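These are my notebook entries on one protein model. I set down what I looked up, in the order in which I looked.

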Amino acid sequence: MRKSHPVRRAVLAGAATVSGIVLLLSLKPASDPGSASAAGGAAPPVAAQSPQGGRGAGAGTVTGDAARTQYGPVQVRVTVSGGKITRAEAVQAPKGGQSDRVTADAVPKLNQAAVAAGNADIDAVSGATYTSAGYAKSLQSALDKAAAAAGSAGQESSGSGDGAGGSSAGQGTQVLTGDAAQTQYGPVQVRVTVSGGRITDVEALQAPKGGRSDQVTADAVPKLNRAAVAAGNADIDAVSGATYTSAGYTQSLQSALDRAGG
């Protein structure tokens with residue numbers, strides 16, 4: 001009987017060990033499964049990560065620009081805390097007919113994907129390519145605004161330093177979007193810019209439209225914007241002939257100011 005040489009046994013045992021290690025390494029997933037499942041599967045990416053890494057620095061709630069799609073606008077609002085996205089929601093999304101079902105299915109998945117990824121580099125939801133692309137575009141603009149606001153706040157905080165110990169409320173610039181107020185003729189939603197504790201700019205992101213509403217909105221909204229800046233709060237008079245639009249405007253404006261601390 002041939003005897004097994006000890007050196008040969010050692011070589012064979014070592015080779016088996018190396019093979020086992022290689023096999024285990026090959027089974028390790030190449031990407032984070034949580035992010036993929038939250039994004040709704042393996043759809044192609046719809047937006048590249050921003051040069052700043054896509055994360056909005058600082059803290060606050062910021063609304064991105066409305067992104068136009070083939071089926072209607074998509075607009076995203078994000079809450080950023082500690083440099084991370086803690087919440088994402090769509091304040092506008094395609095609606096009507098088949099779009100209602102697509103939006104109801106896609107938007108929650110996109111919201112989850114945005115929080116999980118921490119940036120706008122998220123996968124499209126299957127069957128909602130246009131909505132996904134619009135969502136990612138609006139999300140990126142919101143993150144860009146958050147980063148810009150954080151940069152401005154940082155520059156101001158490193159200034160003279162006078163008034164130490166005083167309240168920091170009203171310092172810097174904030175851009176805040178109020179809740180959409182539903183009216184008899186359609187939703188009204190206001191975005192306000194507050195700087196140094198004062199309203200410096202107001203714009204209506206949503207207002208009644210279609211038919212007679214187009215004329216009423218075109219006449220009333222500029223007047224309401226000027227009135228809000230002049231008053232510095234939501235205690236403004238209704239525009240004659242636009243009672244419902246005026247009421248919705250002040251309601252959305254007040255909710256935006258509440259987010260700014262009054």
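**Entry 1: the whole chain.** I note that the model is predicted. I then listed the secondary structure and found 6 helices and 7 strands. Read from the N terminus, the elements follow the order α-α-β-β-β-α-α-β-β-β-β-α-α. Of the 262 residues in the protein, 36% are buried. I also looked up the accessible surface, which is about 14800 Å², with 53% of it belonging to carbon and sulfur atoms.

**Entry 2: the nonpolar cores.** Which residues have the most contacts inside the largest nonpolar core? I found V78, L110, I122, Y135 and L139, in a core of 21 residues. At least two residues of this core come from each of β2 (75-81), β3 (84-92), α3 (98-117) and α4 (129-157). Apart from this core there is another, with 19 residues, including L176, A242, Y249 and A256.

I then took L139 by itself. Leaving out residues up to four places away in sequence, L139 touches V76, V78, I85, A114, N119, A120 and I122.

**Entry 3: strand β2 and its partners.** I asked how many residues of β2 are buried. The count is 5 of its 7 residues, and β2 is thus mostly covered. Strand β1 (residues 60-63) is joined to β2 by 4 bridges, and the two run antiparallel. Within this pairing, T63 has R77 of β2 as its bridge partner. On the other pairing I recorded, β2 and β3 are joined by 7 bridges and also run antiparallel. Here V76 stands opposite A90 in β3, and R77 stands opposite E89 in β3.

**Entry 4: helix α3.** I compared the length of α3 with its expected span. The helix has 20 residues and reaches 28 Å from its first C-alpha to its last, close to the 28 Å expected at 1.5 Å a residue. Where does α3 bend? The bend, of about 25°, is at A106, and the proline P108 follows within four residues. I listed the buried residues of α3 as S99, V102, T103, A106, V107, L110, N111, A113 and A114. Just after the helix, G118 takes a positive phi of about 80°.

**Entry 5: two single residues.** T103 lies in helix α3. Is T103 buried or exposed? T103 counts as buried because its relative accessibility is 15%, and the cut-off for buried is under 20%. Apart from neighbours within four places in sequence, T103 is in contact with A93, P94 and P108.

G96 is placed in the loop between β3 and α3. With a relative accessibility of 40%, G96 counts as partly exposed. I also looked up the separation between G96 and G72, which are 24 residues apart along the chain; their C-alpha atoms are separated by 9.7 Å.

**Entry 6: helix α5.** A kink of about 25° lies at A220, shortly before the proline P222. The buried residues of α5 are S213, V216, T217, A220, V221, L224, N225 and A228. What do these buried residues pack against? I found that they pack against β7 (198-206) and α6 (243-259). After α5 comes G232, and the phi of G232 is positive, near 80°.

Definitions and conventions
Residues are numbered from 1 along each chain as its sequence is written. This is a predicted model: local features need pLDDT of at least 70, side-chain atom pairs count only at pLDDT 80 or more; totals for chains, interfaces and linings use all residues. Side-chain values use heavy atoms; hydrogens and water are left out. A nonpolar core is a set of buried Ala, Val, Leu, Ile, Met, Phe, Trp, Tyr and Cys residues joined through side-chain atoms within 4.5 Å. Buried means under 20% relative accessible area, exposed over 50%, partly exposed in between (1.4 Å probe, protein chains only). Contact means heavy atoms within 4.5 Å. The expected span of a helix is 1.5 Å times one less than its number of residues. The bend at a residue is the angle between axes fitted to the seven residues ending there and the seven starting there. Accessible areas come from the Shrake-Rupley method with a 1.4 Å probe; for residues, only the protein chains shown count as cover. Two strands pair if DSSP finds at least two bridges between them.
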